[in-house]
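Hi everyone, thanks for coming.

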Amino acid sequence: MTTIINVPHSLEDKSFEQVLDQVAPLPLDEKIIVDTRHARWASPYGLTALLALAQSRAERPVLYVPEAENVSTYWSRMDFFKHAAELYDLQGKVTRAKAAETSVLLEVTSISKSDDVHGVVDRIQQRAQDALVKNLNLDAKITMRFTMALSEICQNIVEHAGRGGWVAVQTYTWRIRLGGRKVVVIAVCDPGIGFRESLESAPGFQRKDRWDDGLALEETVMRGASRFRDPGRGQGLAGVRRFVGNWDGKLSIRSGTARIAVLPKGDWDEDEPLHENLAYFPGAQVQITIPERVT
Amino acid sequence: MLRKSVCELYSNLVTRPTGAAVRCEIEHELDRIGDRALTVIDFSHVGLLDFSCADEIVAKLLLQYVSLDAPRREVYFVFRGISDSHMDAIEAVLERHNLALVTQQADGMSRLIGIVDVDERKAWDIISRLGAGASGDVATAIGLSDDAAERMLDTLWRRRLVIRYDDGYVAVGSVTAPPQETRLDA
C-alpha cells in the first residue's frame, strides 16, 4: 500500500506537524509519497525536516517536487534536491538554480561528523556578517556568537543522534507577527535517537515516575542534563539558550512527541513553552530564530 | 623562549574532538619541559572558540594541573589574545568547573577571570601590584591574620594563580621570566 502525504503550501516548523500527523500512524515500511507539488514556500526547518523524514522511513519514499518554478529554483538553490535525490525518488521537474544565485546564508548541509561542523562554521562566517549586521540591523558582535550557537547545535547531531542529520540557515521576512519583521533562522534536524533515549543511555539512569519526551526535553534544555557523566557536558545548549535570550530570539526543540520552546521576551511570537502529545517523529529538530533589531 | 604552535589544522576551534586534540598536544609539550613551568596560551590567531572546544582546551587543561588536594605538577598558565567572543565561552566553562585563570590583556595588564571570591581576588591583586609578596603583605592590606592570609595564598597557589617561591609568592602574569609559549594558530 502507498499513502500520499500532503505537504502544506507553507512549510515551516508549525505546519510540518500536519505532515507528521499523516506519517506517524503509518508502519515504517509502508511506501509514502510526499507531495510538495503545491508548496509555495519552505523554511530551513521545512526543508531539513523533509530530509529527516525520508531518513526515518524503512521504505524509500517518493517526493513529488514543487510545480511552481520559483519554489523549485529556491529549493535547488538551498541544495535541497541534491540531498533529496539520495533519499527520495524524485518525480516532477526540478528547476536548477543559476550558479551566480548566492543569497542563501547556509544551504542544506549534511552533518554526520565533527569535520562537517568545521565546514559549516567556515562557510557561514563569510556570509553571516553581512546578513546579520546589514540586513537585520544587529550589533556586529552577534556574528561570532551566532556561529558559536550554530556550531553547538550541529554538534548535538554528532554527539547524540547516532546518525546523520541536516542544517540550513536563511534570513527571511517573518509574517506571523508585527507585519513583516526580518529574521534569521537556523534549523537542525536529525532522525536519530532523540533526547529521551539519549538520556536513558546515561550510566545509572533511573526512570522517574513521569518520564516522557517532554520531561527529557525539560531536563536537557532547561536543566542542562546530559547522558555523559562529565560535568563539562551540557554547556552547549546552555550557551545557545543564553545567546537566544541576549538577542530576543526563540529556541525550539522537538523530539519524539514533544516540543519545548525558550520564548523571546518581546511580543513577536506567541508559542507555548511546551507542547506534548504531538505525532511521534524520531530524533531532534531544532530551530533558532533571531529577529531583526527594530530601532 | 620556546614558541610552539599547536593548532594549524582548523581555522576555528570548534567541536570537542578538536578541543581534545589541541589539549593533548599542549599536554604533550608540557610533559617535555619538566615539573615546573609557566606557559602562555595565545588565542590571538583563533577565530571562533565554541563552548565545547573551550571546555576541552581550557577547562580540562586547567583541571589537569589544579587541585586543592594534590596537584600532580606545578604548571601555571597565562592566557593571551582572548577576544570578547572567546571570553563568552571561556567564562562559561570556568564557571561550570569552578575554575579561574589569569589573562593578559593587550596593554600587558593581567587580570583574573572565572570563579574567585572577593578576598582571594584582593589578595591576588595585592601580590600582582607588588610583583611579589608574602602573607604578611596580604594580611596587612586586607586586614586578615597572618595565618588566614597564608591559607588564602596557599589556596591561590593550589589553583595555580600565584607561584610560590622560597617564602613568598608571585602573581601569575606578573612574572618577568620568559615563559613557555604555546600559540593556538587557528
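Chain A is assigned two domains, domain 1 (1–95) and domain 2 (104–295), with bounds that come from an automatic or database domain assignment. Please keep in mind that this is a predicted model, where local features need pLDDT of at least 70, side-chain atom pairs count only at pLDDT 80 or more, and totals for chains, interfaces and linings use all residues. As for labels, residues are numbered from 1 along each chain as its sequence is written, while chains are lettered from A and ligands numbered from 1 in the order in which they are written.

Back to those domains. Taken over C-alpha atoms, the centres of domain 1 and domain 2 of chain A are 22 Å apart. Between them, 20 residues of domain 1 of chain A are in contact with 25 residues of domain 2 of chain A; contact here is C-beta atoms, placed from the backbone, within 7 Å. Which elements of domain 1 of chain A give two or more residues to the side that touches domain 2 of chain A? They are helix H1 (16–23), helix H2 (44–56) and helix H4 (80–87) of chain A. Helices here are DSSP runs of H or I with at least four residues, strands are runs of E with at least two, and both are numbered from the N terminus. H2(A) provides the largest share of that side, nine residues.

H2(A) also leads us to the sheet. H2(A) lies across S7, strand S8 (165–174), strand S9 (181–190) and strand S13 (281–291) of chain A, and runs at about 155° to S8(A). Such angles run from 0 to 180 degrees between N-to-C directions, with axes fitted to C-alpha atoms, for helices over the stretch in contact. The sheet itself is open and antiparallel, with seven strands of chain A in the order S7-S8-S9-S13-S10-S11-S12. Strands pair if DSSP finds at least two bridges between them. Strand S7 (106–111) and strand S12 (274–275) of chain A are at the edges with a single partner strand each, so one side of each has no neighbour in the sheet. S12(A) is joined to strand S11 (residues 258–262) of chain A by two bridges, running antiparallel, and A:Arg259 has A:His275 in S12(A) as its bridge partner.

Now for chain B. Chain B has six helices and nine strands. Of its 186 residues, 46% are buried, that is, with 20 or more other C-beta atoms within 10 Å of their own, the C-beta atoms being placed from the backbone.

How do helices H4 (residues 118–130) and H6 (residues 146–158) of chain B pack, and at what angle? The angle is about 85°, with the axes 10 Å apart. H4(B) and H6(B) are therefore roughly perpendicular, the word used for 65 to 115 degrees. Residues making this contact include B:Trp124 of H4(B) and B:Met152 of H6(B).

There is a hairpin here too. Strand S7 (residues 162–165) of chain B pairs with S8(B) in the antiparallel sense over four bridges, and B:Val162 stands opposite B:Ala171. Two residues lie between the strands of this hairpin, where B:Asp166 takes a positive phi near 40°.

Lastly, how do the chains meet? 22 residues of chain B are in contact with 18 residues of chain A. H3(B) gives the most to that side of chain B, with eight residues.

How values were computed:
Contact = placed C-beta atoms within 7 Å. Parallel < 35°, antiparallel > 145°, perpendicular 65-115°, else oblique. Buried ≥ 20, exposed ≤ 12 C-beta atoms within 10 Å, placed from the backbone.
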